[in-house]
Amino acid sequence: MKYMIKDNQAGFVLKHGVFQKMIQAGNYRYSKTLGYTVETEEMSGELTYTGVPYQILVKDRAFQEAVLHVEIPDGQAGFIYINGKLSCFAGRKEYTFWNVFDRYEVKTVSMEQAEMGPEVSRQMLALLPKSFYTEVQVGEGETGLVYYDNVLQKQLSRGVYRFWNYAQNVTYVVLDMRQKQIDIVGQEILTRDKIGIRMNVACLYKIRDAVEFAATVSDIKGQLYSAVQLAIREIVGNYKLDEILEAKEQISGEIYQTLKEREGMFCVNFLTAGIKDIILPGEIREIMNSVLVAEKTAQANVISRREEVASTRSLLNTAKLMEENQTLYKLKELEYLERICEKVGEISVGGSAGIVEQLGKMIGTGRAG
């Protein structure tokens, strides 16, 4: 029987099912009666022929020269290059490529060392499955802690780090070392005089030591929130309502001091703590508003009386001066006449008396010489 093998094909010659050799482009004759058959495959990409095991095929010299066979060792990650260009990640341990028209190459990188090195390029990383490595991103003001099989290994500053998940299980914690705020909103407190109030308190804190903190505290927000609540209740509950309203800054200082004494329990440093708002019950607020109005009214009355007394005293002093000084009296008359004239549209005078004298008689202020 005649067989034609094209330029891009390879033929596998079998006799009674037993591999004989590989043939390439050309015309061939093999007798079926003698048990010969020829199976063909395109010499492109990965070898797909499975009629004969690779271990048998590789004994043929022509086959050896036409293929690239790669076995990726344990602890290695493989990347497939075609004609010098990175193509894909090698997801299997064994590959056989036709290496005739396209040139195949497989590069490997070790996963034995936990931290990924610079030999892994960005292009490789884009093809690498996420399950093969752990990425740790540490931002400005943060600290990263990396654990191998739950054992702390290193502390990381700002940057991006990647670790192979091959020889060990890699976990990490990123802690924000910047100052942060806790707000206690609407905390209900019973004062010493048995009045229920609500209070808003804010405090600033920052983590003191990342390693100690990670080993000691599990739920920082929840634990600090409870600690601040307890401090507020302990301190504010010892004061009466009037004292709380008058000594707000003093009480804030006591809350802060109490938190400073307990900061070692949480591996943090408290920076500030203070009362933002005091919210009174409705009926108490109405009573205090009434008291405030009464106080302001009384103050206004006192000021009004004080002004009246001052005004009367001023008038008395002026009258005494005018009685003692006739020239001052005349000047005062002229001042008032000037004011009257500003309000009058037209004034008619006659006779031999002066205008000032006549105006004085008109308003009844003239006096005998």
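## Terms and basis

A residue is called buried if its relative accessible area is under 20%, exposed if over 50%, and partly exposed in between, using a 1.4 Å probe and protein chains only. The model is predicted, so local features need pLDDT of at least 70 and side-chain atom pairs count only at pLDDT 80 or more, while totals for chains, interfaces and linings use all residues. Residues are numbered from 1 along each chain as its sequence is written, and side-chain values use heavy atoms, with hydrogens and water left out.

## The chain as a whole

The protein chain contains 10 helices and 18 strands; these are DSSP runs numbered from the N terminus, with helices (H or I) of at least four residues and strands (E) of at least two. Of its 369 residues, 33% are buried.

Contact means heavy atoms within 4.5 Å. Among contacts with a separation of 6 or more, 62% are between residues 24 or more positions apart.

## Nonpolar cores

A nonpolar core is a set of buried Ala, Val, Leu, Ile, Met, Phe, Trp, Tyr and Cys residues joined through side-chain atoms within 4.5 Å. The largest one has 38 residues, and M199, I232, I255 and V268 have the most contacts inside it. Elements that each supply at least two residues of this core include strand 17 (196–207), helix 5 (220–236), helix 7 (248–262) and strand 18 (268–279). Helix 5 gives the largest share, eight residues.

Leaving aside residues up to four places away in sequence, M199 touches several residues, among them I184, I189, I232, V236, I244 and I275. A second, separate core has 14 residues, including L14, F19, V67 and W98.

## Aromatic rings and charges

Rings of Phe, Tyr and Trp (its six-membered ring) pair if their centres lie within 6.5 Å; planes under 30 degrees apart count as stacked, over 60 as edge-to-face and the rest as tilted. The whole structure holds 13 aromatic pairs. One of them joins F97 and Y104, which are stacked at 4.5 Å centre to centre with 5° between the planes. F97 is buried, at a relative accessible area of 4%, and Y104 is buried as well, at 12%. One aromatic cluster is formed by F12, F19, Y49, Y54, F63 and W98.

A charge sits over a ring if NZ of Lys or CZ of Arg is within 6 Å of the ring centre and within 35 degrees of the ring normal. The charged end of R92 lies over the ring of Y95, 4.3 Å from its centre. Likewise, the charged end of K107 sits over the ring of Y81, 4.5 Å from its centre.
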